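This report covers one protein chain, from its overall layout to a group of side chains on its surface. Please keep the sequence and the model open while reading.

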Amino acid sequence: SVYLLDAVDGCIHGIFPGSDLFDNHPEVAWTFIDSMLFGQILMCVFGLYVAGLAVRVAQVPNAVMAAIVLSLAVFGSYSVLWIRACPQPFRQRAGDATS
């Protein structure tokens with residue numbers, strides 16, 4: 001997060017991380033801290049909701065879970081290979097940032 005703040009704000013707004021950040025630009029520092037706190041609260045609420053679903057997933061038999069994980073892994077690896085093999089205009093439409 002410090003590197004992101006340095007790269008984006010340092011180049012655009014002249015804001016650099018360090019001890020002077022709270023003195024010179026407190027609105028940026030506190031906005032960043034508040035957003036992290038808000039994210040933690042949301043993740044706690046979301047985590048408590050998902051915990052009930054995780055119990056149900058843990059009850060799936062091991063053989064079924066292994067088949068699901070293996071099929072998703074194979075599907076995901078071939079998806080990445082397919083995107084890399086596509087022509088340049090499709091990669092831009094697909095939102096591939098590596099182009």
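Among contacts in the protein chain (heavy atoms within 4.5 Å) between residues at least 6 apart in sequence, 3% join residues at least 24 apart. The model is predicted: local features need pLDDT of at least 70, side-chain atom pairs count only at pLDDT 80 or more, and totals for chains, interfaces and linings use all residues. Residues are numbered from 1 along each chain as its sequence is written, and side-chain values use heavy atoms, with hydrogens and water left out.

**Overall layout**

The protein chain has five helices and zero strands; helices (H or I, at least four residues) and strands (E, at least two) are DSSP runs, numbered from the N terminus. Of its 99 residues, 8% are buried, meaning under 20% relative accessible area, while exposed means over 50% and partly exposed lies in between (1.4 Å probe, protein chains only). The protein chain exposes about 8200 Å², and carbon and sulfur atoms supply 71% of that area. Accessible areas come from the Shrake-Rupley method with a 1.4 Å probe; for residues, only the protein chains shown count as cover.

**Confidence**

The average pLDDT (the predictor's confidence in each residue, from 0 to 100) is 78 for the protein chain, and 64% of the residues score at least 70. Where pLDDT is low, the predicted coordinates should not be read in detail.

**The nonpolar patch**

Phe22, Trp30, Phe32, Ile33 and Met36 form a nonpolar surface patch with about 480 Å² of accessible area together. Patches are made of residues with over 30% relative accessible area and no salt bridge, with like charges joined within 9 Å and nonpolar side chains (Val, Leu, Ile, Met, Phe, Trp, Tyr) within 5 Å. A salt bridge is a side-chain nitrogen of Lys or Arg within 4 Å of a carboxyl oxygen of Asp or Glu. Helix α3 (residues 26–58) gives the most to the patch, with four residues. Phe22 lies in helix α2 (residues 21–24).

| Residue | Relative accessibility | Class |
|---|---|---|
| Phe22 | 40% | partly exposed |
| Trp30 | 47% | partly exposed |

Not counting residues up to four places away in sequence, Phe22 touches Ala29, Trp30 and Ile33. A search of the whole structure finds one aromatic pair. The rings of Phe22 and Trp30 have their centres 5.7 Å apart and their planes at 75 degrees, so the pair is edge-to-face. Rings of Phe, Tyr and Trp (its six-membered ring) pair if their centres lie within 6.5 Å; planes under 30 degrees apart count as stacked, over 60 as edge-to-face and the rest as tilted.
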